[in-house]
Amino acid sequence: MTPKRKQRLLIVMFIVVGVSVAVGLTLFALNQNINLFYSPTQIAAGEAPQDTRIRAGGMVVDGSVKRDPDSLFVQFDITDYDKTVTVEYTGILPDLFREGQGIVAQGSINEKGVLNAVEVLAKHDENYMPPEVAEALAKAGKMPQPEGQEFNK
């Protein structure tokens, strides 16, 4: 092999290795930032991974909100009207958060099956339901229908 061919081969090998490293780092970064949606039924069945950031949504169970009077800690249950999951959150809840309304919480499941939320999102008006929550409720056959109104599918 001539010296010119060796030089070309080395350049091609460095380019291939550099592109491979860049693709690997990109995939690793994307994998760390992905957060999948799980319904309370899926979480109760053990389908949601522990200690991995996920999104979970459902309706806040009436009478389940418990606030710590000395801190910003809040515990409440969410349901898809099939199974129920407990959510623990420390922080200020959105103004539109209330019992009987749809929410999406982002966090991780601990070994007890409790979702430790880092963010809680509430719906923005009386007719809106997060698409993931609506789909989960529809799959469970438990989609609530307010009087005289229908949710968009």
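Predicted model: local features only at pLDDT ≥ 70, side-chain atom pairs only at ≥ 80, totals over all residues.
Which residues of helix H3 (residues 131-139) are buried? They are Val133, Ala134, Ala136 and Leu137.

Residues are numbered from 1 along each chain as its sequence is written, and side-chain values use heavy atoms, with hydrogens and water left out.

**View 1. Helix H3 has a buried side and an exposed face.** Buried means under 20% relative accessible area, exposed over 50%, and partly exposed in between (1.4 Å probe, protein chains only). Helices (H or I, at least four residues) and strands (E, at least two) are DSSP runs, numbered from the N terminus. Val133, Ala134, Ala136 and Leu137 are the buried residues of H3. They cover an arc of only 165 degrees around the axis, so they sit on the same side of H3. The arc is taken from the directions from the helix axis to the C-beta atoms. Pro131 and Lys139 are exposed, on the face turned away from the buried side. The cover over the buried residues includes strands S1 (37-38), S2 (54-60), S4 (73-79) and S6 (102-109).

**View 2. Strand S4 pairs with S2, S3 and S5.** Two strands pair if DSSP finds at least two bridges between them. Five of the seven residues of S4 are buried, so the strand is largely enclosed by the rest of the structure. S2 and S4 are antiparallel, with two bridges. Here Met59 stands opposite Thr79. Strand S3 (residues 66-67) also pairs with S4 in the antiparallel sense, over two bridges. Lys66 faces Gln75 of S4. Five residues lie between S3 and S4 in their hairpin. S4 and S5 (84-90) run antiparallel and are joined by seven bridges. Asp77 has Thr86 of S5 as its bridge partner.

**View 3. Asp80 is buried in the loop between S4 and S5.** Four residues separate the two strands of this hairpin. In the turn, Tyr81 has a positive phi of about 70 degrees. Asp80 counts as buried because its relative accessibility is 2%. Its side chain makes a polar contact of 2.5 Å with the side chain of Thr41. The Asp80 side chain also reaches the backbone nitrogen of Asp82 at 3.0 Å. (A polar contact is a pair of N or O atoms within 3.5 Å; within protein, one must be able to donate a hydrogen and the other to accept it, and residues adjacent in sequence count only if both atoms are side-chain atoms.)

**View 4. Pro49 lies in the loop between helix H2 (40-44) and S2.** Pro49 counts as partly exposed because its relative accessibility is 30%. Contact means heavy atoms within 4.5 Å. Leaving aside neighbours within four places in sequence, Pro49 is in contact with Tyr38, Ile54 and Ile109. Pro49 and Ile109 are 60 residues apart along the chain, yet their C-alpha atoms are separated by 7.1 Å.

**View 5. The largest nonpolar core has 20 residues.** Such a core is a set of buried Ala, Val, Leu, Ile, Met, Phe, Trp, Tyr and Cys residues joined through side-chain atoms within 4.5 Å. Ile43, Phe76, Ile103 and Val120 have the most contacts inside it. S2, S4, S5, S6 and strand S7 (115-122) each supply at least two residues of this core.
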